[in-house]
Amino acid sequence: VKHNGKNNYAKFDQHMVHFQQDKRKMEKVLRDALVNQNFVLVFQPQVYARTKRFYGVEVLLRLRTENGTILTPDQFIPIAEAAGLIVPIGAWVIRAACEQGMAWIREGFDPIKISINISGLQLKSIQFLSNVKAILEETGMNPANLTFEITESTIIDQSYAVLNVIEEIRKLGISVAIDDFGISYSSLSVLKNFPIEILKIDKSFVREMVTDEKGYKIVNAIINIAKSLDMKIVAEGVEDSTQLELLDELGCQFIQGYYISRPINEIEIERFLVNRTVM
Ligand code: C2E
Ligand code: CA
Ligand code: CA
Ligand code: CA
């Protein structure tokens, strides 16, 4: 194969130009979305593994584009982070989630647990804690019903600053969950050094535990560590009854995944609020 370096560079440049243009386009879409209310929240039920009783929801962000397509976070969160837009977008998510939680209560439903994903950059931003306090006051949301999900990689990144913020979150009465647990290399030191109450087992482990003996043993070990530290355990990405039964046998308390429900809108969630036992 004859290698034409020059041509490849030209191609690469062109690629970069398109990439930069797309990025700038998406930044504008994100800015406009904040003004025009194009962000939407969906909610995925979390249930007790043993009884399938409804426990709460994880809030997941969506972006509705002009032509009606719905984008998922993977398609816009990295750009929002790079453009510094994750702070206002993240604040919008917390506020909208709290308002929705209060709306369900006004409709007469018992309060439920609401779990919100927090980006590392958002957590480290100077306004984060004051934003959260203002939102709690303005919406009247009970912090005991809130959980912030923080990924393991965020925690490892900036351990000292992040430790402080996590302690402040806990002082406000909000729970902290470690998200995507097991993916990074320093998982165990995170458990040792941070005041975290909930551990979320990543869906990649859940997928592998059925087909792979080692995968099964690793999930078993994670659950045992979490239990011995008195942490709550949520397994995400549960897609069938085999996975659910194995997780339940191993002592995982809560599960979340397509087997119970895909992420759904605030009206569809009411089915779970009315009838708290799912299946
Ligand atoms: P995550 O926190 O690990 O969320 C779980 C993801 O798995 C969600 O994807 C959910 O729709 C998907 N999922 C749930 N059950 C199943 C299942 O049974 N099988 C499979 N294959 N997937 C399942 P989604 O909604 O596309 O979100 C992707 C990621 O984007 C989330 O991963 C989270 O890290 C991030 N994200 C979502 N909402 C927000 C937000 O409001 N703020 C920030 N900073 N990040 C968010
Ligand atoms: Ca999450
Ligand atoms: Ca995950
Ligand atoms: Ca994730």
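Predicted model: local features only at pLDDT ≥ 70, side-chain atom pairs only at ≥ 80, totals over all residues.

Trainee: Which residues are the protein donors of the calcium ion (ligand 2)?
Mentor: Along the chain, the donors of this ion follow the spacing E-x58-N-x31-E-x29-D. They lie 2.1 to 2.4 Å from the calcium ion (ligand 2). The donors are E58 (OE), N117 (OD1), E149 (OE) and D179 (OD).

Trainee: How many residues apart in sequence are the parts that N117 and D179 tie together?
Mentor: Both residues are donors of the calcium ion (ligand 2). N117 belongs to strand 4 (residues 113-118), whereas D179 belongs to strand 6. The pair therefore ties together parts of the chain whose separation in sequence is 62 residues.

Trainee: Is D179 buried or exposed?
Mentor: A residue counts as buried under 20% relative accessible area. N117, with 30% relative accessibility, counts as partly exposed. D179 has a relative accessible area of 6%, so this residue is buried.

Trainee: Which residues are the protein donors of the calcium ion (ligand 3)?
Mentor: The spacing of the donors along the chain is D-x21-D-x33-E. Their distances from the calcium ion (ligand 3) run from 2.0 to 3.1 Å.

Trainee: Where do D180 and D202 lie, and how many residues apart are they?
Mentor: D180 is in strand 6 (residues 175-181). D202 is in the loop between strand 7 (198-201) and helix 9 (203-211). The pair links distant parts of the chain, and the two residues are apart by 22 residues.

Trainee: Is D202 buried or exposed?
Mentor: D180 has 26% relative accessibility and counts as partly exposed. For D202 the relative accessibility is 9%. Because the limit for a buried residue is under 20%, D202 counts as buried.

Trainee: What is the phi value of D180?
Mentor: D180 lies in strand 6. Its phi is positive although the residue is other than glycine. The value is near 55°.

Trainee: What is the phi value of K52?
Mentor: K52 is found in the loop between strand 1 (39-48) and strand 2 (54-64). With a relative accessibility of 17%, K52 counts as buried. This residue, which is other than glycine, has a positive phi near 65°.

Trainee: How are helix 3 and helix 5 placed, roughly parallel or oblique?
Mentor: The axes of helix 3 (residues 86-106) and helix 5 (residues 128-139) are 10 Å apart, and the packing angle is about 20°. Angles under 35 degrees count as roughly parallel. Helix 3 and helix 5 are therefore roughly parallel.

Trainee: How many nonpolar residues are in the contact of helix 3 with helix 5?
Mentor: Helix 3 contributes A91, I94, R95, C98, E99 and M102, while helix 5 contributes F128, N131, V132, I135, E138 and T139. Of the contact residues, 2 are polar and 3 are charged. The number of nonpolar residues is 7.

Trainee: Is helix 10 roughly parallel or oblique to helix 11?
Mentor: The axes of helix 10 (residues 213-228) and helix 11 (residues 241-250) come within 10 Å and cross at roughly 40°. The limit for roughly parallel is under 35 degrees. Helix 10 is therefore oblique to helix 11.

Trainee: Which residues of helix 11 make the contact with helix 10?
Mentor: The crossing of the two helices is right-handed. From helix 10, the contact involves Y216, V219, N220, I223 and K227. From helix 11, the residues are L246, L247 and L250.

Trainee: What distance separates the C-alpha atoms of L61 and I77?
Mentor: L61 is placed in strand 2 and is buried, with a relative accessible area of 8%. Its contacts beyond four places in sequence include F76, I77 and W92. L61 and I77 are 16 residues apart along the chain, and their C-alpha atoms are separated by 9.4 Å.

Definitions and conventions. Residues numbered from 1 in each chain as written. Chains lettered and ligands numbered in written order. Heavy atoms only, no water. Donors = N, O, S within 2.8 Å, 3.2 Å for Na, K, Ca; no water. Helix = DSSP H or I, 4+ residues; strand = E, 2+ residues; numbered from the N terminus. Buried < 20%, exposed > 50% of the residue type's maximum accessible area, 1.4 Å probe, protein only. Axes fitted to C-alpha atoms, helices over the stretch in contact; angles between N-to-C directions. Parallel < 35°, antiparallel > 145°, perpendicular 65-115°, else oblique. Left-handed = near helix turned anticlockwise from the far one by under 90°. Contact = heavy atoms within 4.5 Å. Nonpolar A, V, L, I, M, F, W, Y, C, P; charged D, E, K, R; others polar.
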